[in-house]
Structures are given as C-alpha cells and as structure tokens.
Amino acid sequence: MPWPPAAAAAAEAPRHPPPPPPVLNYTETEAARFLLQAQFSLTPDDITAVRQQTYSGWLDSQFAAAPSQTGTAWLDSQTHGTPKSDGNYFNPVMGDWMAWRMMMTGSDQVRKRLALALSEMMVTSLSPIDGFWPPYVIAGYWDMLTANVFGNFRTLIEEVTLNPSMGFFLNTKGNQKEDTATGRVPDENYAREIMQLFTIGLYELNLDGTVKTNSAGQPLETYVQSDITNLARVFTGYDWNYSRVTWQNTAFLPYAIPTTEFTRDRMSVDINKHSTLAATFLGVTVPANAAPDAALKTALDTLFNHPNVGPFFARQMIQRLVTSNPSPAYIQRVATAFNNNGTGVRGDLKAVWKAILTDTEARTLPTSPRAGKLREPIIRWSQWARTFNVSSATGKWEIYDTSNADTGLGQSALRAPSVFNFFRPGYVPPQTQFATDGDVAPEFQIHNETSTAGYINFLAWSIANGYNDVKPNYSALLAIVADSKALLDWLNLRFTANQISPATITLMQTALDANPVTAASTDVQKMDRIHGALLMVMACPEYIVQK
C-alpha cells in the first residue's frame, strides 16, 4: 500500500489531458493588417496575441497597458534640463531627438500611434517655438496627448486649450482683454482654430459626416465672425505658469534660467487681463464678469456637445488610421460611438478607437482603388526603426529635423509647418483620378516628384547606415538572407500584411537573385542583399499605399 496517503491519492487520481491549443480567431495576414492600422510595427508575438483574442479584447489589453517613458522624463534622463554653456536652454534640436525616440521606441505602440493621429488634428509644432526650453515645451504637449489618448474628448480639449505649447502656437499665451483706449482686441486665433480644426469644422454635418444644406443647396455654416470675436474673450488672461519654477543662476550668463515645470503645467490666468465682457457664441452666452474658469467651462462644454463633433472627429481619425475616403455609414457608426459609448458616456475615446479599428470597413480588405491611404513618411520610417530594433549607441538619439523633401523624409515628427498640419484632410491632388472621382488623398499634399526622390535617397542611406548614432539590427534576417523568397516574404508580412502582390514579389526576387548570396558569402554581400530587399519593399507602391 502506498504511503503516505497523499501519495496513494495522487497515484489514483485521473490524469487530465493537456489543455486544447488556443483558438485562433484570425489568419496571420488578417492579424498583421489590423496591427499595422493600430500601431507602427509588428512582431510574431503581436500577431499571436491578436489571433488568440478578439480585436476588441486585444485593444482592451493595450488600453490597460502601462505607458512607457514620457518625452519629458527622457529629456530629464539626458540632463537636457540642466543649463549648459552650449545654449541648450534655447536650442530646439533636442526636441527632434525626443520626438523621434518617442516614435521609434516604447512598448505602448498603440498609445503612441493614436497620439500621433491626435497631434495631426490638434496641431502644435516645435518649429516656431522659441524662448526657454523648446524641447520641453513640445515634449509637454506630446506627453499630454499620450496621457489623455484613452480618456474623454472633453478632458482632451481642455488640456489642449491650456497646454503651454498650444498657448504659444495659437497665441493664447499672453492674450489680453480688449482696451478701448488703445483699440486692442483679444487675439482670435485660438477661438477660430478650436472651432474650425479641433471640434466642429466649417459646416454643419449630419451624423454620417455629409454636409447639411439650406433650401438653395448651400452648406450651412457652423459659425460666423461674431462667434469668433465673442469666443476669443474667453481665452484672454492666460499665460505660462511659473508658480513651480525655480530660477537658476549660472557662471556663464548674466541672467537666470527657469527650471522646466512651466513647459508642462497648465497655463494660469491673470484675472486683470481677462475680459469681463459678455460673450455670445453658438447660441450660448457667457455672462459679463463671469469667472475665467466658469467661462472656459461654458465654452468647452458648448463645443463638446455640438452635434458636429462626433462625425467631424470620426472622419479625421478614420483618415489617419484606415482610409482616406470612409463611407458615410462608417463615419456614422464611429460618430455614434462618440456620442454614446454604450453606457451613456459621450466622448469616450476608447470607444471611438474600437469603433474605428474593429469596423467592418476597416477589417475587410478592400478591392476598390479608392480605398486605403498613403502611409505618411513618419509612419514608414518609424516602422522600419521598430521592426529592426534601432538603438542609440550614445543614448542621444541624434536625429534632426527631417522635413526637407530634397534630402530627408519631407516630414518630421511634431514639426507640422502650420496649424493645418502637414496635409489637409480635404486635400485633392489636382488633375488626377482622385479629382475626377471626387475623392480626397490628404497625404498626397506632401507626396510629389521631389519628395519621392528624396524619400528613396534618404531611405537608401538610412537603411544601410542608420542615422548618426541610431543604428538598426538586421540579425533576424541573416538566417534567411540566402533565400531571396523567404527574405521577401518576411518583409512582406511585417511591412504590408502581405499586400505586395505575388507578381511584384517575383520581380523583386529576380532582382535579388541577379547577385546570388549563399551561407558562404561575405557579410558585406549579405547586408547588401538585406538593404536592397528593404529598399525595394519600402519604395514599392503596394507598401506606400496601405489598405
């Protein structure tokens, strides 16, 4: 008899069969296509995780994931906030280093990809920022977006409004009340743009994003000049908040330099510079002598609850993530989720992202030539960097402004040239089939003969050499480099979700095989093949157009 009794019980216990393998809900290609809409790049582990869940469940896990290091924290880690004799306290270039590091690293890809989409609608830019600590000012805006991207739209527009970067960019910073003696009036820049570009747009919209018209067939305007003039009064009296700043003296300057807290703290209001006049806009009145915070609440609540916001926001976010020309039905479904997340909450951004990325129109591979969108250069280069685990040998991430179309990408992270972004959501390339069909193609506003040549040249150089101290790691490809078809298949899945056609793959394979590579080939020959394959894939129209 077995002893002790526990051993006997174990001996007699029935053996349980191993658990069944997890259910795979999607094909590898379907999962890859979803991932390339939701984030910058993918790994086999990402594909497996998506296939073992629903799309919605996978997004829930991403919404719950901890954020990675903020832009401000990274700048601090590099001691960029310590005044140095080289003038770093005025120098914007560390802002570029920060921005590219945010695009190219961090486990929270979905958070960052969606924050980038927001940054291209509610635009501020490093380019015009001057004064103390420009890198920290733009990092403060980026960090605000990543912190609020899974929150509520009402909170987001308040944080955008009071952010120091936005205050500088659209003149809320230092905006003063009217002065009849001098003829001064409040600056109207932010009042105009928060309506035109951030919330309601120029024309009244149906829930499906189509424009409402009057009996003569003319579009109905959402606001007029008097709405701008009145709303501008609400945004007076604000300036950067120095309440937590410590002024630092140095041995190399005759003046003190502030610490960086003001770059991320909400702007503060000076009651003496805030307009006390009544403000009537969009059918709502802020009474005379209202407190600044009460006036701001009324203004933002009015904009947030405007019926245009759902379809206006839905269209632009669909354009950034899925397709340039969403159907009215697609817009309506996303706008409906904005208006009510299913539990009565308006403006729940998690519900909006789910509605966009899980919609039938997003999850069905389109056959129409009007479907999909052009991958913008920031996305392409960030995808390359993440796919090959780029790292900075010095820790500096010394990537500069890449906006030059001749020698760079024609676009650079967080450096839009104006409040209208790098490209307008309604841009139509003239004298093209887009124009004939009545379609828009926003990213084509920065895509032309010059930028195409510049992109290919920049890509050829950076694929082979990296960028200054930032270098890729191609070790994953060395095991398959001798098999040109396997190499191209590896790239096709990860970069396009297998959207490069077999005919194009055959052409690429023929080009690669013209210079055979074997296991015995030199390292230079192997790397040349990898570089050539990557360049062909990333310059291929079937990659540049994402469907």
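V211 counts as partly exposed because its relative accessibility is 39%, where partly exposed lies between buried (under 20% relative accessible area) and exposed (over 50%), judged with a 1.4 Å probe and protein chains only. V211 sits in the loop between α11 (189–199) and α12 (225–234). Together with L202 and Y203, V211 makes a nonpolar surface patch of about 240 Å².

This is a predicted model, in which local features need pLDDT of at least 70, side-chain atom pairs count only at pLDDT 80 or more, and totals for chains, interfaces and linings use all residues. Residues are numbered from 1 along each chain as its sequence is written, and side-chain values use heavy atoms, with hydrogens and water left out.

Now to two residues in helices (DSSP runs of H or I, at least four residues, numbered from the N terminus). The table also lists their contacts, meaning heavy atoms within 4.5 Å, leaving aside neighbours within four places in sequence.

| Residue | Helix | Contacts |
|---|---|---|
| T72 | α5 (residues 71–77) | Y136, A139, G140, D143 and R264 |
| R101 | α6 (residues 93–104) | Q69, W74 and W397 |

Is T72 buried or exposed? T72 counts as buried, because its relative accessibility is 8%. From T72 to L296 there are 224 residues in sequence, and their C-alpha atoms are 27 Å apart in space.

Technical notes. Patch = residues over 30% accessible without salt bridge, like charges linked within 9 Å, V, L, I, M, F, W, Y side chains within 5 Å. Areas by Shrake-Rupley, 256 points an atom, 1.4 Å probe, with all protein chains shown as cover. Salt bridge = Lys/Arg side-chain N within 4 Å of Asp/Glu carboxyl O.
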